[in-house]
Amino acid sequence: MTVWLRRFRSAFYLGLLLLGVAAAGLWIVFFVTLRDLPQVPEPLSRIIETPPTEIYAASGERIMLIGGREAVPLNRVSPFFLQAVTATEDHRFWDHRGLDLLRTVKAFWVNLFHSGKVEGASTITQQLAKNLFFTFHRTYQRKFRELLVALQIEARYSKNEILDAYVNQIAFGVGAHGVEQASQVFFGKPALQLNLAESALLAGLPKSPTRYNPFRNFERAKERQKVVLSRMAAVGAVSREEAARAYEARLNLRVPGRTEPAGSYFLDLVLKDLEERYGTDVVHHAGLRVFTTLDPQLQAWAADAVQNGLEKLDQLLKAPAPVGGDSAGRPQAALVAVEAHSGAVRALIGGRDYGETEYNRAVQNNRLPGSGFKPFLYYAAFEKAGLNPVSVFVDRKVTIPIPGQPPWAPRNFSGDYQGPMILKRALSHSVNSIAAQLVERTGAPAVIDAARRCGIKSPLAAVPSVALGTSGVSPLEMASAFATLATGGMQHDAYWIRRVEDSSGRILEERIVSGRRTLDASIAFQVVDMMRAVLDEGTGNVIRQLGFHLPAAGKTGTTDEFNDAWFTGFTPTLSVSVWVGFDRGMSLRDPQGRGLTGGRAAAPLWAEFMRKATEGEPQREFTVPSDIRFVQVNPTTGQPVLPWGPRGVDAALREVQMQSLTPFSGGREPSLAGGGQ
Amino acid sequence: MGGLLVPCRLMEELTEPKDLREWAARVLTLHVFVLAGVMLAMIFAELKLHWVERAIGAYLVSTNSDRPESGAIWEKGRKAQSARSAIEQLANNREAYQRMARNAGNLSEIVGSLTPGQGAMLSAEHFREIYQKIPQGLAAEMISPFELLRVANEGRWSRTYLEKSSDGLVVYLLEPNNHVLRQFKLASASLAILTRRTEASSQTLEDVPGFQSRIYSAERFFTALTSLAEDERRGLIPQPERLLEVSGQITRVGISDEVLAGFVDIGFEIRSASQRRVLLIQGQDWAVWRLRSLLEGKSPGSRAGKGPLEGHSPQ
């Protein structure tokens with residue numbers, strides 16, 4: 001026997017032995033794996049049986065679906081999509097029985113001998129098995145278990161049932177699970193109506209939903225669409241020409257964020273609240289029906305106002321263009337609209353782009369309100385110190401001693417002092433030196449008490465500067481607190497959930513909309529009347545210049561160094577707060593170094609929103625309490641103007657306060673419209 | 001046996017070939033061709049018919065029910081089940097006390113069915129019925145009947161929400177969108193009057209604590225009662241129909257020493273053919289004081305008098 005032959009013989013026996021050992025090993029592994037292989041549910045559609053939690057707007061429109069799946073049968077899915085998904089994910093889907101042997105061998109070869117290259121060979125059935133039962137950790141054991149489950153699924157269910165389950169559960173990103181939901185989210189149409197181009201785009205997303213998200217990375221999504229189309233052409237699903245035409249076709253993607261409340265700051269607020277009340281599992285698995293206070297139209301207008309306002313601010317500030325969707329270095333904004341007579345939150349925007357940052361500045365952002373806090377100070381001054389809108393104070397440099405600390409010497413924004421003036425003018429022109437004198441007289445606790453009675457809940461430091469807004473609050477709090485003034489002193493807690501039902505419609509809870517009187521109606525009206533002057537002749541007069549002419553009141557707020565710009569204002573029915581600023585301690589300054597005030601940065605957003613929100617509404621005046629009289633006074637002396645003299649400033653005084661005026665005061669009954677202007 | 005002989009002989013022969021020609025001659029035999037053919041056919045069949053996958057799949061289907069319900073989908077199912085149970089429990093509880101409230105004939109039944117923090121929704125009509133059954137003093141403490149009439153007449157009152165809290169009962173009159181039209185409260189002391197027992201466990205007045213010093217014969221009681229003005233009688237016994245419903249004869253009447261939220265217990269000892277029992281009714285303190293004055297032979301004087309139940313007055 002030759003040496004060669006002996007070697008061949010030894011190799012042959014060794015091969016046989018190894019083959020035997022491998023077969024026995026496989027057999028053992030099979031049965032060991034089998035022991036804890038998961039049971040496959042019957043029927044397979046069980047994966048979509050969990051009822052979803054549905055969230056509705058106040059209009060009755062469904063705005064979000066959590067958990068569950070919006071499953072559709074295959075005959076209600078575009079054939080283009082089915083071809084695209086099979087061509088891309090598993091082109092031999094209709095031929096194999098759960099394992100694509102040739103592709104597996106090829107992938108094995110590539111992964112083994114081409115270092116650094118990873119090729120997958122999972123069939124659609126294997127992907128389904130993975131999604132249903134396994135984690136996403138890549139191990140050989142998991143792959144083997146996944147394969148076995150796939151074989152079982154293939155043995156038990158038809159190809160149509162498998163494909164049906166697959167397309168109804170895959171994740172497309174942006175919270176969309178299943179082809180129907182994805183079609184609605186990305187194109188605003190049912191899955192049956194998807195054309196070739198749209199189908200190819202959607203079919204490319206499951207590979208990496210974040211990377212190929214067309215809302216954020218449109219170019220990458222188009223590249224992926226091209227891959228899908230070329231695969232479809234390669235397997236003969238479409239011709240090369242059809243694929244090329246589909247690639248060139250215009251895609252009508254829905255505009256995210258503006259009109260689509262899904263994945264919005266408002267829904268975040270609702271979800272967080274629900275999870276605190278019922279627990280995460282109940283919210284995501286029990287199929288609740290949640291009726292919110294959101295007005296989709298107002299929400300859309302709020303989103304428009306914020307986007308447009310921020311675009312203008314970007315230009316004004318010469319803010320850097322976003323890099324890779326990152327808005328760092330660009331200002332942010334928040335807007336909250338609260339129904340004055342109930343506290344219902346009708347619109348809420350918590351930032352520039354929810355997809356970019358989920359930090360909800362409307363509710364979480366405790367930013368300094370600056371002079372926006374002064375209405376609480378004036379209320380306290382009228383109530384505790386017996387002052388009124390025509391009380392005269394001198395705008396002068398003031399220094400207030402604080403025990404154990406350096407004295408507090410607030411400055412006016414303008415930097416100069418205008419001498420004597422009535423309090424109505426001091427508020428409308430936001431004079432800090434007079435505000436400091438008032439807080440010295442009332443004390444910080446009285447200001448805090450007034451703010452609390454209006455609904456401010458954030459911690460407030462009991463220091464004189466609290467009157468000038470040196471304790472952080474949120475736009476939601478500000479809108480809600482100013483609503484208390486709008487209603488003449490009836491405080492309503494802000495709320496966003498009206499009713500919660502179980503999946504069969506049984507009520508679990510419903511909101512009782514109750515308010516309590518926390519402010520004196522007459523004093524509250526006096527403050528409101530002063531705040532009207534902020535819009536008509538004071539720091540917020542840009543609102544009138546921008547074309548908002550309905551009766552309204554408000555207050556601007558700007559903090560030192562221009563870190564925060566606010567405008568919070570209200571009509572008799574709607575209270576809206578707007579905040580603008582940077583996330584990280586940067587100043588709102590234009591390239592020339594000029595700071596942007598609340599009147600310049602935030603008030604235009606408020607005006608744009610309110611113009612649309614109140615379009616077509618009749619003039620509604622604030623309710624005038626019966627003991628209020630209007631009088632024209634000299635803004636410097638507070639003395640009534642003579643009937644034949646120059647026109648003064650209208651001020652609202654309580655009947656008892658009229659006695660302090662001279663007989664020719666010209667005090668008059670409120671007109672039917674109730675306005676004092 | 002023949003099947004086994006073939007591989008054995010093959011292996012034996014493989015050990016023996018001396019050169020390549022002999023090897024080839026031995027390999028190129030019919031049984032080797034047959035074996036190779038069978039193997040190729042199996043491979044070909046696998047590629048075309050996927051019989052291995054089918055066989056494994058079929059085996060796994062047959063053992064499916066023996067395997068654990070593990071993995072993401074089962075976990076999700078369990079969570080869903082537990083979440084649904086929690087919600088079911090919540091909804092059932094709510095329905096139960098809502099049903100109890102709907103079927104309640106008076107306010108004390110509703111209050112008794114609620115724990116602090118719970119609330120019940122009633123129709124406006126139901127609340128009006130219940131309101132009429134509340135003793136006048138308590139009803140007025142909640143809301144004046146004329147104010148209630150005004151609210152009802154405005155036409156927006158559709159439902160009433162009653163919420164029990166640790167310090168009483170808050171009543172909200174609601175319009176269809178759940179906005180509160182009126183809101184009022186019944187303090188817990190007044191609630192205690194409402195939910196007070198109406199029947200003492202004792203059989204005689206002597207056994208009821210607080211009554212021993214003021215027990216009168218029925219005749220004396222009714223004589224005094226007759227001499228009271230109508231509003232005083234109403235204040236004393238707000239719901240006389242309760243006494244009229246009783247079968248048996250009132251033999252003695254007792255007045256409690258204790259005043260609770262402006263009300264005093266009056267005990268009626270009733271004897272029927274088979275038993276004796278004591279029925280309790282809550283009278284307003286000023287009316288009880290007037291009655292006591294008569295019973296004790298004092299001048300009734302002003303209603304605005306002080307502490308009616310001070311002093312001692314034997315039978």
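**Notebook: chains A and B**

I began with the contact between the chains: 44 residues come from chain B and 40 residues from chain A. I counted two residues as in contact if their C-beta atoms, placed from the backbone, lie within 7 Å. The model is predicted, so local features need pLDDT of at least 70 and side-chain atom pairs count only at pLDDT 80 or more, while totals for chains, interfaces and linings use all residues. Residues are numbered from 1 along each chain as its sequence is written, and chains are lettered from A and ligands numbered from 1 in the order in which they are written.

**Side of chain B that touches chain A**

I listed the elements giving two or more residues to this side: α2 (20–27), α4 (51–62), α5 (72–103), β3 (168–174) and β4 of chain B. Helices (H or I, at least four residues) and strands (E, at least two) are DSSP runs, numbered from the N terminus. α5(B) gives the largest share, 15 residues. By type I found 22 nonpolar, eleven polar and eleven charged residues on this side. Here Ala, Val, Leu, Ile, Met, Phe, Trp, Tyr, Cys and Pro count as nonpolar, Asp, Glu, Lys and Arg as charged, and the others, Gly among them, as polar.

**Sheet in chain B**

Next I looked up the sheet. Its four strands run in the order β1-β2-β3-β4 (chain B), open and antiparallel. Strands pair if DSSP finds at least two bridges between them. β1 (119–123) and β4 (180–187) of chain B are the edge strands, each pairing on one side only. From one strand to the next the twist averages 20°. Antiparallel pairing joins β1(B) to β2 (residues 159–165) of chain B over five bridges. I checked one bridge: B:L122 has B:T160 in β2(B) as its partner.

**Helix α18 of chain A**

I then turned to α18 (residues 475–486) of chain A, which has twelve residues. Its first and last C-alpha lie 16 Å apart, close to the 16 Å expected at 1.5 Å a residue. Twelve of the twelve residues of α18(A) are buried, so the helix is largely enclosed by the rest of the structure. Buried means that 20 or more other C-beta atoms, placed from the backbone, lie within 10 Å of the residue's own. Among them I noted A:E477, A:M478 and A:F482. After α18(A) comes A:G488, with a positive phi near 75°.

**Domains**

Bounds come from an automatic or database domain assignment. I have domain 1 (1–36), domain 2 (69–248) and domain 3 (628–665) for chain A. The C-alpha centres of domains 1 and 2 of chain A lie 37 Å apart.

How values were computed: Axes are lines fitted to C-alpha atoms, for helices over the stretch in contact, and angles run from 0 to 180 degrees between N-to-C directions. The expected span of a helix is 1.5 Å times one less than its number of residues.
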